[in-house]
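Me: I would like to learn how to read the features of a protein model one by one, with the general idea stated before the particular case. Could we work through this one together?

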Amino acid sequence: MKILKQTFQSYKKNFLTLAFAQLMLFFSSLFFLMFVKYKLTYYLNKLREFEPQLQQVLNTVDVNNPATIDSSLTVIEALNSVTNEATLFAYIIVPLVLLAIWVLFQALFWSKIKEHKIKSVKLYLTRLAIPTIFILILFSQLAVPKEITDFFNTFDDSILRILFSAFIGLYLLTMYYAVLNNQSLKDALKQTFNLAIKKFYKFLPIYFPLFIISSSILWLLAITLTQEYTQTTAYFSTTSLIIITIVLLTISKFYKILLQKIVDKECGSKDSNLSKH
């Protein structure tokens, strides 16, 4: 009961800052992904413009005519330029921007609900980002199919694999975010695995509804971004989707603070036991 009381107090005290962090994370991700959608559509249309030119090159190229070879090389170079630009944007720029958004606002949220003030923001952000990158890379290698056809050919298995990997990955990341304070990266990782694995029974009951809420928010985000495709089967107004998301974020805020309080208690009791010895 004491932890619940402390959770409610922290919830009320930091409500505006935490709401700002969560809403900025959601809306900055939403607006950036809308930009990504527009940009990828632009690249796709640019690539389609090359279809008649490529067809013409195939019909007119003559190895004995240098002029046709030069013309074909010009088309191929222009096509490669657009392809390379699209690849750079999709595989480098987009992940880096999303990672920066995620780390920045996660850092703002978790640092605000901790007992101890963060001494070095730079070190905190770095230590927050490193395991996040590792988990995301591991998730992409283990859960995401290499080919889109593999996903649809084994749809049920793919969905289960993605959900299971996301559940474990987000659980470890959430625990790490709660544990990370001013300690070294090595100590934070050690404490995270000790709590997440050895005392999972204390944290999974809190994390499980948090995972459901997070999955629901991602689902709503996906619907918002694909309304022109999904409205034929199920229509949701953008306003209603945003309102539902804000409600879910408000609920998740409470669970995260509660998780943080329990982690603080566990870490505090461990430190007190070590001091006695």
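Me: Among contacts with a separation of 6 or more, what share comes from residues 24 or more positions apart?
Reply: A contact means heavy atoms within 4.5 Å. In this protein, residues 24 or more positions apart account for 77% of the contacts with a separation of 6 or more. Please keep in mind that this is a predicted model, in which local features need pLDDT of at least 70 and side-chain atom pairs count only at pLDDT 80 or more, while totals for chains, interfaces and linings use all residues. Residues are numbered from 1 along each chain as its sequence is written, and side-chain values use heavy atoms, with hydrogens and water left out.

Me: How many helices and strands does the protein have?
Reply: Helices (H or I, at least four residues) and strands (E, at least two) are DSSP runs, numbered from the N terminus. By that rule the protein has 11 helices and zero strands.

Me: What percentage of the residues count as buried?
Reply: Buried means under 20% relative accessible area, exposed means over 50%, and partly exposed lies in between (1.4 Å probe, protein chains only). Of the 277 residues, 36% count as buried. As for the surface, the protein exposes about 17,200 Å², of which carbon and sulfur atoms supply 68%; such areas come from the Shrake-Rupley method with a 1.4 Å probe, and for residues only the protein chains shown count as cover.

Me: How should I read an aromatic pair, and which case could we take?
Reply: A pair of aromatic rings is described by the distance of the centres and the angle of the planes. Rings of Phe, Tyr and Trp (its six-membered ring) pair if their centres lie within 6.5 Å, and planes under 30 degrees apart count as stacked, over 60 as edge-to-face and the rest as tilted. The structure holds 19 such pairs. One of them joins Phe 167 and Phe 211, whose centres are 5.0 Å apart and whose planes stand at 80°, so the pair is edge-to-face. Phe 167 belongs to helix α7 (residues 155-179) and Phe 211 to helix α9 (residues 200-225), so that the pair links distant parts of the chain, 44 residues apart. Both Phe 167 and Phe 211 are buried. Elsewhere, ring pairs link Phe 8, Tyr 11, Phe 15, Phe 254 and Tyr 255 into a cluster.

Me: How many salt bridges are there, and which residues do they join into one network?
Reply: A salt bridge is a side-chain nitrogen of Lys or Arg within 4 Å of a carboxyl oxygen of Asp or Glu, and the count here comes to two. Glu 266 forms one with Lys 199, the closest N and O atoms being 2.5 Å apart. Glu 266 forms another with Lys 202, where the closest N and O atoms are also 2.5 Å apart. Since Glu 266 lies in helix α11 and Lys 202 in helix α9, this second pair ties together parts that are 64 residues apart in sequence. Through shared partners, Lys 199, Lys 202 and Glu 266 are joined into one network. At 8% relative accessibility Glu 266 counts as buried, whereas Lys 199 is partly exposed at 26% and Lys 202 is partly exposed at 33%.

Me: Which side chain of opposite charge is nearest to Lys 253?
Reply: For charge, Lys and Arg count as positive and Asp and Glu as negative, while His and the chain ends are not counted. Lys 253, in helix α11 (residues 238-276), is buried yet has no salt bridge, and the nearest side chain of opposite charge, Asp 264, is 17 Å away. Leaving aside residues up to four places away in sequence, Lys 253 touches Tyr 11, Phe 15, Leu 18, Ala 19, Gln 22 and Phe 109.
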